[in-house]
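Please look over the sequence and the structure shown here before reading on.

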Amino acid sequence: MSFKRLTIAFLLAAVPASAGSIAPRDGWAVHQTSKPYEELIQDVKTAAKAEGLNVVTQAGPTGAAASRGITIPGNRVIGLFNNEFAVKILALSTAAMIEAPVRMYVTEEDDGSATLSYKLPSHVFAPYADEGGAELAGLADQLDRRFALIAERAQK
């Protein structure tokens with residue numbers, strides 16, 4: 001093996017495969033499950049639809065890393081929203097729409113299970129309270145309830 005390849009192999013081996021599980025933190029909901037990663041992703045999408053939210057975006061580095069020869073745990077961010085919330089929030093605060101879609105995060109654990117976590121929508125939209133007032137807070141609370149229901153359904 002050439003020195004260059006040996007150096008690259010050493011550097012890749014030194015890169016941790018995972019920074020670890022997501023710990024509970026202020027403004028977040030963290031749900032450890034026994035479900036496999038891919039199953040939890042599908043169940044989040046199904047639950048979101050049942051709760052009237054659409055999957056607007058999806059992103060994750062796992063597939064791209066694999067195409068580069070790097071194995072990392074499953075990692076998917078799923079953006080959820082709907083036009084009803086978008087129109088109402090825009091009427092209250094144009095700036096607040098930078099936060100849409102609100103995201104759920106599915107991460108694969110070392111044992112093959114997956115964790116579902118997300119920032120509470122009320123936490124996400126809190127910086128815009130001066131503009132959107134009580135109405136924006138009420139919409140964020142509605143989203144909190146929907147996200148909690150999605151998490152509950154997805155974990156079943």
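Does Ser-117 count as buried or exposed? The answer is given below under the heading on Ser-117.

## Overall architecture

The model described here is predicted. Its secondary structure comprises 6 helices and 5 strands. Followed along the sequence, these elements give the pattern α-β-α-β-α-β-α-β-β-α-α.

The protein has 156 residues, of which 35% count as buried. Among the contacts with a separation of 6 or more, 70% come from residues 24 or more positions apart.

## The sheet

The strands form an open sheet of 5 strands in the order β1-β5-β4-β3-β2, and the pairing is antiparallel. The edge strands, β1 (28-36) and β2 (54-59), each pair on one side only. On average, neighbouring strands of this sheet are turned by 25 degrees against each other, with direction ignored. In general, strands of a sheet pair through backbone hydrogen bonds, in either a parallel or an antiparallel manner.

Strand β3 (residues 75-81) pairs with β2 in the antiparallel sense over 5 bridges. Within this pairing, Gln-58 has Ile-78 of β3 as its bridge partner, and Thr-57 has Gly-79 of β3. The pairing of β3 with β4 is also antiparallel, over 6 bridges. Arg-76 stands opposite Val-106 in β4. Strand β3 is mostly covered, with 5 of its 7 residues buried.

## Ser-117 in strand β5

Ser-117 is located in strand β5. This residue counts as buried because its relative accessibility is 0%, and the cut-off for buried is under 20%.

Apart from residues up to four places away in sequence, Ser-117 touches Ile-22, Trp-28, Ala-29, Val-30, Met-104 and Tyr-105.

## Glu-108 in strand β4

Glu-108 belongs to strand β4. With a relative accessibility of 29%, Glu-108 counts as partly exposed, a class that lies between the limits of 20% and 50%.

When neighbours within four places in sequence are set aside, Glu-108 is in contact with Tyr-37, Pro-73, Gly-74, Ser-113 and Ala-114. The C-alpha atoms of Glu-108 and Gly-20 are separated by 9.8 Å, although these residues are 88 residues apart along the chain.

Helix α6 (residues 129-155) lies across β1, β3, β4 and β5. Relative to β1, helix α6 runs at about 20 degrees.

## Packing of α2 with α6

On the α2 side, the contact is made by Leu-40, Asp-43, Val-44, Ala-47, Ala-48 and Ala-50, which meet Ile-150, Arg-153 and Ala-154 in α6. Sorted by class, the residues of this contact are 7 nonpolar, no polar and 2 charged.

## Packing of α4 with α6

Helix α6 also packs with helix α4 (residues 83-92), at an angle of about 155 degrees and with the axes 9 Å apart. Therefore α4 is roughly antiparallel to α6, a term that applies to angles over 145 degrees. The crossing of α4 and α6 is left-handed.

Four residues of α4, namely Phe-85, Lys-88, Ile-89 and Leu-92, take part in this contact. In α6, they meet Glu-131, Gly-132, Glu-135, Leu-136, Leu-139, Gln-142, Leu-143 and Arg-146. The residues of the contact of α4 with α6 divide into 6 nonpolar, 2 polar and 4 charged.

## Summary

Notes
Residues are numbered from 1 along each chain as its sequence is written. This is a predicted model: local features need pLDDT of at least 70, side-chain atom pairs count only at pLDDT 80 or more; totals for chains, interfaces and linings use all residues. Side-chain values use heavy atoms; hydrogens and water are left out. Axes are lines fitted to C-alpha atoms, for helices over the stretch in contact, and angles run from 0 to 180 degrees between N-to-C directions. Helices (H or I, at least four residues) and strands (E, at least two) are DSSP runs, numbered from the N terminus. Angles under 35 degrees count as roughly parallel, over 145 as roughly antiparallel, 65 to 115 as roughly perpendicular and the rest as oblique. A crossing is left-handed if the near helix is turned anticlockwise from the far one by less than a right angle, and right-handed if clockwise. Contact means heavy atoms within 4.5 Å. Ala, Val, Leu, Ile, Met, Phe, Trp, Tyr, Cys and Pro count as nonpolar, Asp, Glu, Lys and Arg as charged, and the others, Gly among them, as polar. Two strands pair if DSSP finds at least two bridges between them. Buried means under 20% relative accessible area, exposed over 50%, partly exposed in between (1.4 Å probe, protein chains only).
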